[in-house]
Amino acid sequence: MTSGLFRAFGEPGLRGTSGIYARAELLYTILPTYDENPHRRPVGHVPRVACRVLPQEDATFVLPPILTFLDHFIPDRMSLSLQGWHLHETAAQLTLQVTATRTRVRCPLCQTPTARVHSRYPRTLADLPWGPYTVRLQLRVRKFFCDHPTCARRIFTERLPTVAAPWARRTLRLAQRLLACGLALGGEAGARLGGRLELRTSPDTLLRLVQEAPRPAAAAPQVLGVDEWAWRRGQRYGTILVNLEDHQVLDLLPERSADTVAQWLAQYPTVTIVCRDRSALYADGIRRGAPHAVQVVDRFHLVKNLREAIEALLHDQRPALQAAAASTAQALTQVAGLVVAPPMYRGRHRCSQAGQQRQEAAQQHRHAAWVATYEAIHTLHAQGTPVTTIAAQLGISRPTVYAYLRRTRPPSPRSPQRSGQVLRPYMAYLIQRWREGCTDSMQLWRETQALGYAHSARTVSRFITRLRQASAAGWAPETQTSPYTRPQGPSARAVSFTWVCPEAKRAQDAQLYVDQLTQADPAIAQAYTLSQAFLALVRERRGDALAAWMAEASASGIATLARFAQGLQEDLAAMQAGLTLPWSNGVVEGHVNRLKLLKRQGYGRAGVGLLRQRVMQAV
Ligand SMILES: [Zn+2]
């Protein structure tokens, strides 16, 4: 009988309606006339099923007494029993009247069982909604006498631990869902999502549920990751502690100090390995709180510090960086037959003589400030002032202080970018005319003169030659050039990142640039070889070879790398552990990122208590 219906599912355009008709199939039977002649039904339309309802003959479906049916939906059938129900259509509310079934209950204080009822009172609990209807349980709660002669509690209210918390206005299962919304999204967004899911509540209620939720019991952690997190970047930091074995956040501390870490660790004597960054502060805290634990320096921080040393080294090599950019552009042309296209015209860079002078004056002003900062930091550091104090005094971040301390001389001024400046405002026009087919540079010079250009025809001609070459090589004139072929060269920072990136992951132009840079300058080549050897130690975890590398770096005569090696010496045992053991703080960094998201979801208003709950209890 139902074969016609199944055939209908095979029709294109009718798929996806199977959910509806699967139920129809269970409840209805299709008439045979429809079955015989499927061509009467237009393809792509939901068929008007000519069916009649037949009494169900299937034994799966029964018509039970309604109370027996509804009884399945109350929270705990062992301790509650359904007495009656009432559906209020206008208010869309289903009220279930329930009573507690146990005749003997235990006193919450002395645990003695009792059956002597003192009184009854009504209690209403909100429960999970059913479709558009809100559901509430109307409960008659009993009070009992405690008959134990020495018990201080004479009368007590019976507890329903599987249904609701004492004094709660909602069932446990509703509270759990609301808690999940609050943990995942915080107050405001959680309440909005709850509204969409028919779990209506207020942001404050959600926050209270999150704050009151019991913290998960921490198993005795053995391998721990410690790192800082920023309350407010550059100003106030806290500490995050993560179990590196099961990746769970163990705690969030509101401060970053050796004392708090030591106190926290003292509660967990099971900790045998602690992974940390290179700060002396955490090293001290761990030494005091868990003296027997092995300290491990996180490999990410080692590579980060090496990269910073390389950046400092390259800061003073601006001419070499520029020269390598020029030879990279040439090499790229040789390899792929490409011609470097001019940089794309950016409209906001309108440049006049006065504007250029203003820019240069501003640059000189900035440079003077850098030199003053450099001298202040080095003076304070020489006097033994801690880096944190220097940062606070000068109003800059600690990484900036460290970056200045790595320098051996003040930063050099940035060279103004003059290339193509006079023509820059007219480049868009020239490119447009070029596309229209005008390639005569003298004609174009006259046109730009009419627009206000006051410089030589030769500059225009050079630009047109570059357009011609780029066009011959198949490059659109507005193609962005690689940062490694720009006339001013890439920044020291960008090169340092390429430098620590594994060769297999470098882009072709980046690799070519590194080749050009190292071929041109033997000192840079030596620094490159040394740093690659260090990165190999890190990647292959050869802690035993660290001492030999440090000796080589110290003897190399490259000041920044020698200083980096000397820094390793101060924390050698933890370094070697970091380069030998498999533990690393990647998981902790992941949780710090998650914490940043949680912080922003609270629009910066969440306190440490709320953040701790949300970061520790992932939904
Ligand atoms: Zn008692």
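Contact means heavy atoms within 4.5 Å. The model is predicted, so local features need pLDDT of at least 70 and side-chain atom pairs count only at pLDDT 80 or more, while totals for chains, interfaces and linings use all residues. Residues are numbered from 1 along each chain as its sequence is written, and side-chain values use heavy atoms, with hydrogens and water left out.

**Exercise 1. Contacts of one leucine**

Task: Find which residues leucine 517 is in contact with, leaving aside neighbours within four places in sequence.

Solution. 
Step 1. Apply the contact cut-off around leucine 517. The partners are Ala320, Leu321, Ala324, Val495, Trp499 and Ile524.
Step 2. A nonpolar core is a set of buried Ala, Val, Leu, Ile, Met, Phe, Trp, Tyr and Cys residues joined through side-chain atoms within 4.5 Å; buried means under 20% relative accessible area, exposed over 50%, and partly exposed in between (1.4 Å probe, protein chains only). The largest nonpolar core has 40 residues, and Leu517 is among the five that touch the most other members, with Trp499, Phe534, Trp549 and Leu568.
Step 3. List the contributing elements. Helices (H or I, at least four residues) and strands (E, at least two) are DSSP runs, numbered from the N terminus. Two or more residues each come from α9, α10 (318–336), α17 (492–500), α18 (508–520), α19, α20, α21 and α22. The largest share, eight residues, is that of α19.
Step 4. Note that another core, of 34 residues, lies apart from this one; its members include Leu183, Leu244, Ala577 and Met616.

**Exercise 2. A helix and its cover**

Task: State which residues of helix α21 (residues 559–569) are buried, and what covers them.

Solution. 
Step 1. The buried residues of α21 are Thr560, Leu561, Ala562, Phe564, Ala565, Gly567 and Leu568.
Step 2. Their cover includes α9 (299–315), α13 (398–406), α19 (522–540), α20 (546–555) and α22 (572–578).

**Exercise 3. The zinc site**

Task: Identify the protein donors of the zinc ion and explain why their arrangement is tetrahedral.

Solution. 
Step 1. Donors are N, O and S atoms within 2.8 Å of the metal (3.2 Å for Na, K and Ca). Here they are the SG atoms of Cys107, Cys110, Cys146 and Cys151, 2.3 to 2.4 Å from the zinc ion.
Step 2. Four donors count as tetrahedral if all angles lie between 85 and 135 degrees. The angles at the zinc ion are 99 to 120°, so the arrangement is tetrahedral.
Step 3. The spacing of the donor residues in sequence is C-x2-C-x35-C-x4-C. Cysteine 107 sits in the loop between β5 (105–106) and β6 (113–114), and cysteine 146, 39 residues apart from it, in the loop between β8 (133–145) and β9 (155–157).
Step 4. Cysteine 107 has a relative accessible area of 0% and is therefore buried; cysteine 146, at 2%, is also buried.

**Exercise 4. Confidence**

Solution. 
Step 1. pLDDT is the predictor's confidence in each residue, from 0 to 100. Its mean over the chain is 81, and 83% of the residues reach 70 or more.
Step 2. Where pLDDT is low, the predicted coordinates should not be read in detail.

How values were computed. Four donors count as tetrahedral if all angles lie between 85 and 135 degrees; four count as square planar and six as octahedral if opposite donors are over 155 degrees apart and all others between 65 and 115; anything else is irregular.
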